[in-house]
Amino acid sequence: MNREEIEKLIEETACKERAKKGVSVEKVRSILNVIFLLCAVVGLILYFAWPDNRLAGMAVIGAGMGFKIIEFFLRFLF
């Protein structure tokens, strides 16, 4: 066996092991992205519809950014 065949076998084995896991990182990232988008929309609506208390809209947007930061780290760590 040469080096290329060994690397190919290692890559195939790693892909099979990732497929066996129950919850994939891609699904978690997708869910976190949906939560981020919902927070962004709701936060913008609150920010402009409730001018007396814009802090509530900014808080919802900030919480959404927290979810986006978690998704960001998942993307680069896994």
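In which hand of crossing does helix 2 pass helix 3? The crossing of helix 2 past helix 3 is left-handed. The model is predicted, and the chain has a mean pLDDT of 89.

**Confidence**

- Of the residues in the chain, 92% reach a pLDDT of 70 or more.
- Helix 2 has the highest confidence in the chain, at a mean of 96.
- Confidence is lowest in helix 1, which covers residues 3–20 and has a mean of 78.
- Where pLDDT is low, the predicted coordinates should not be read in detail.

**Packing of helix 2 and helix 3**

- Helix 2 spans residues 25–49, and helix 3 spans residues 54–77.
- The axes of helix 2 and helix 3 lie 8 Å apart, and the two helices pack at an angle of about 165 degrees.
- Because angles over 145 degrees count as roughly antiparallel, helix 2 and helix 3 are roughly antiparallel to each other.
- Sorted by class, the contact of helix 2 with helix 3 has 20 nonpolar residues, four polar and five charged.

**Arg29 and Glu71**

- Arg29 is in helix 2, while Glu71 is in helix 3.
- Arg29 has a relative accessibility of 16% and therefore counts as buried, the cut-off being under 20%.
- Glu71 also counts as buried, because its relative accessibility is 1%.
- Not counting residues up to four places away in sequence, Arg29 touches Glu71, Leu74 and Arg75.
- With the same exclusion of residues up to four places away, Glu71 touches Arg29, Leu32 and Asn33.

**Val60**

- Val60 is placed in helix 3.
- Its relative accessible area is 23%, so Val60 is partly exposed.
- Apart from neighbours within four places in sequence, Val60 is in contact with Cys39, Val42, Gly43 and Leu46.
- Val60 and Leu38 are 22 residues apart along the chain, and their C-alpha atoms are separated by 9.6 Å.

**Phe72**

- Phe72 is another residue of helix 3.
- Phe72 counts as partly exposed because its relative accessibility is 39%.
- The C-alpha atoms of Phe72 and Glu26 are separated by 12 Å, and these two residues are 46 places apart along the chain.

Technical notes
Residues numbered from 1 in each chain as written. Predicted model: local features only at pLDDT ≥ 70, side-chain atom pairs only at ≥ 80, totals over all residues. Heavy atoms only, no water. Helix = DSSP H or I, 4+ residues; strand = E, 2+ residues; numbered from the N terminus. Buried < 20%, exposed > 50% of the residue type's maximum accessible area, 1.4 Å probe, protein only. Contact = heavy atoms within 4.5 Å. pLDDT = per-residue confidence, 0-100. Axes fitted to C-alpha atoms, helices over the stretch in contact; angles between N-to-C directions. Parallel < 35°, antiparallel > 145°, perpendicular 65-115°, else oblique. Left-handed = near helix turned anticlockwise from the far one by under 90°. Nonpolar A, V, L, I, M, F, W, Y, C, P; charged D, E, K, R; others polar.
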